[in-house]
Every structure is written in structure tokens, then in C-alpha cells.
Amino acid sequence: MTTAQQTGQQTAGSLAWARRRHSVARFWQQYRTHRAGVFGLAGLVLIAVIALAAPLLVGGDVQSVTKAPGTALESPSGEFPLGTDQFGRSLLGLLVWGARISLTVGLLAAALSVAIGTLVGIIAGHFGGWFATVLMRITDWFLVMPTLVLAIVLATVLNHSVWTVILAIGVTSWPTTARLVRAQTIAVESRPYIERARALGGGHGHVMARHVLPNVVPLVLAQTTLGISNAILTEATLAFLGLGDPTVISWGGMLQDAREAGAVSSGHWWYLAPPGIAIALVALSFTLCGRAVEAVLNPKLGVAR
């Protein structure tokens, strides 16, 4: 390779990075004009920092039943701001520690769901024909089946673990993404530059990876942001039904423990309220961020600021 060719490649790479930086800066400039999206992002950053710093804030012994610092079902006080559970553990510490599992499950399950939906949607939109028809009929079957029911079935059949919950949510909530990505793929492949790429010898993999995928990434990003809130709610539901991992602390598991301890009938509201409010706030924050991302990437939606 000559010096001129190397210089040309470096120049092309520099221009590509400059365009990416400009796109990110322009996206942020438009995103921050949406007040609801900024509030949602601020809330997510705060919760993420708390979750990452949980070992420093509350320590690992907060999950231990034998080392519980209080007595069972103590009401909120100076020592225990949110009270204690049926084992005498601090609910504030459990709430902070549970954020790690709830956020991890939500992020990984949403990523798995979007990955499956994107793959199916691009393949179906690109190839078409009977193969796409079969894929779309399978997608329609998953779409009409209740997602929560399918997730419950998978979580019941497989071992009770965090990875089982992630798998159950991910493989049952991808059809919406698949249909959206397929529609976008068909629209992208109708553009003239796709025909030029094929005329120049671009194969199926080249067209899908270099031309179609970059154009559906904004849609995938918005769908991922919205899917995380649904994944967190589904994880909480599965844990509340006793289908989560009993060895880890999550917000849904805290609600399950509160139900088993009779907090509803005995009036121990401090056992139920904190995890329920935390789930609602995180789901709301992701929804606000998702709506703002959609508004930036597709201004025709007319989402209010």
C-alpha cells in the first residue's frame, strides 16, 4: 500500500469520525430541548449511579438474613428510614441493592429482544418471498400471544435464575421490533443507492450490514429505550409471582416477600411502597427518554416537549 493510499484511508476515517461526532452533538442539542426527556435521563443517571455504588453505600451484608441489624417489620425510623422486612433487614439497603438486578435484567432482556427483532426484521425485509412470509407468520403468532403468559411458561419450565428471566423476557417480546424494522428495511431498500450498491457487486451481507442496518439503528435505539421499561415491569411481575431467582434481591422479589409476609393485610405499607414506587419511577424515566428519542429521530411524530 502506497503512502498516498494510507493518507487517503486516514483522511476518510477522520471524516467519518467527524461526521459521527457531529451527529451525536446534533442529537444531544435536539434531545435537551425536550424537558421530559431530560428529567427522565437525569433520573436514570441517578438511579444507575446508586446501583453501581450499592456495595459502597450499603455493603454486601444487607442481603444476609443472619446478620440482620433490626427486628422483623419495624416501621420507618431514624435508624431504618424505610423500615425493615420480615427478617429485620433494612428496606433502604435492599432497595438500593435491588436496583442492580432490576436494571441489569431490564437492560439485557431489552437488548436480547431488540437483537432478535432486528435480525428477523432485516432478513424478512431484505429477502422477501415465501421465506419472509414464514418469518412474519411466526412473528404474528408471537405478537398475538400474551407476552407475560409466554414468559411465565418459560420461567416455569426452566430453572429459576436471573438468566432464565432475561431469556424468558427477551424471546417473547421481540415481534413488535421485528415488524417495525421490516417496514423500515423495505423503505430503505427501495432507494436508488441500494440499486447502485447491488450493481457494483454488493452481496446480501454487504447491503444489509453497510446500508440497511445503519438506517434502522435510530429506530432500534428508540425501541430499545422503550423496551427496557417493559422488561423491568415484566421482571417485577415474574418475581412477584415467585418465578424469579430467590437467591438475589430485586424490586419484584421484595414485593413477593412483602406479599408472603402478609404486608397487605397487616397494613405494613412501608414494605410495599418503596419497591413499587422505584419500579414505577424507573419505568417512567425510560418511557420519557424513549419518547424524547423518538421525537428527535422522527420529528413527524410531534411528541410534546
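This is a predicted model: local features need pLDDT of at least 70, side-chain atom pairs count only at pLDDT 80 or more; totals for chains, interfaces and linings use all residues.
In what follows, Ala, Val, Leu, Ile, Met, Phe, Trp, Tyr, Cys and Pro are taken as nonpolar, Asp, Glu, Lys and Arg as charged, and the others, Gly among them, as polar.

Several helices meet here: helix 4 (91-127), helix 7 (162-170), helix 10 and helix 11 (251-260) each provide at least two lining residues. Helix 11 has the largest share, with 5 residues. As for volume, the second largest pocket comes to about 380 Å³.

Now turn to the largest pocket, whose volume is about 510 Å³. Its lining is made up of 10 residues, and if you want to centre your view, look for Arg 20, Ser 23, Pro 214, Val 217 and Pro 218, which lie nearest the middle of the pocket. Which helices each supply at least two residues of this lining? They are helix 1 (3-31) and helix 10 (204-240). Helix 10 gives the most to the largest pocket, with 5 residues. By residue class, the lining of the largest pocket holds 6 nonpolar, 2 polar and 2 charged residues.

Helix 10 is a handy landmark to follow between the two sites: it supplies at least two residues to the lining of the largest pocket, and at least two to that of the second largest pocket.

Conventions
Residues are numbered from 1 along each chain as its sequence is written. Side-chain values use heavy atoms; hydrogens and water are left out. On a 1 Å grid over the protein atoms alone, a cavity is a set of points where a 1.4 Å probe fits but cannot get out, and a pocket is an open set with protein on both sides within 12 Å along at least five of seven lines; lining residues have an atom within 4 Å of a point. Grid points are joined across faces, edges and corners, and a volume is the space filled by probe spheres set on the points. Helices (H or I, at least four residues) and strands (E, at least two) are DSSP runs, numbered from the N terminus.
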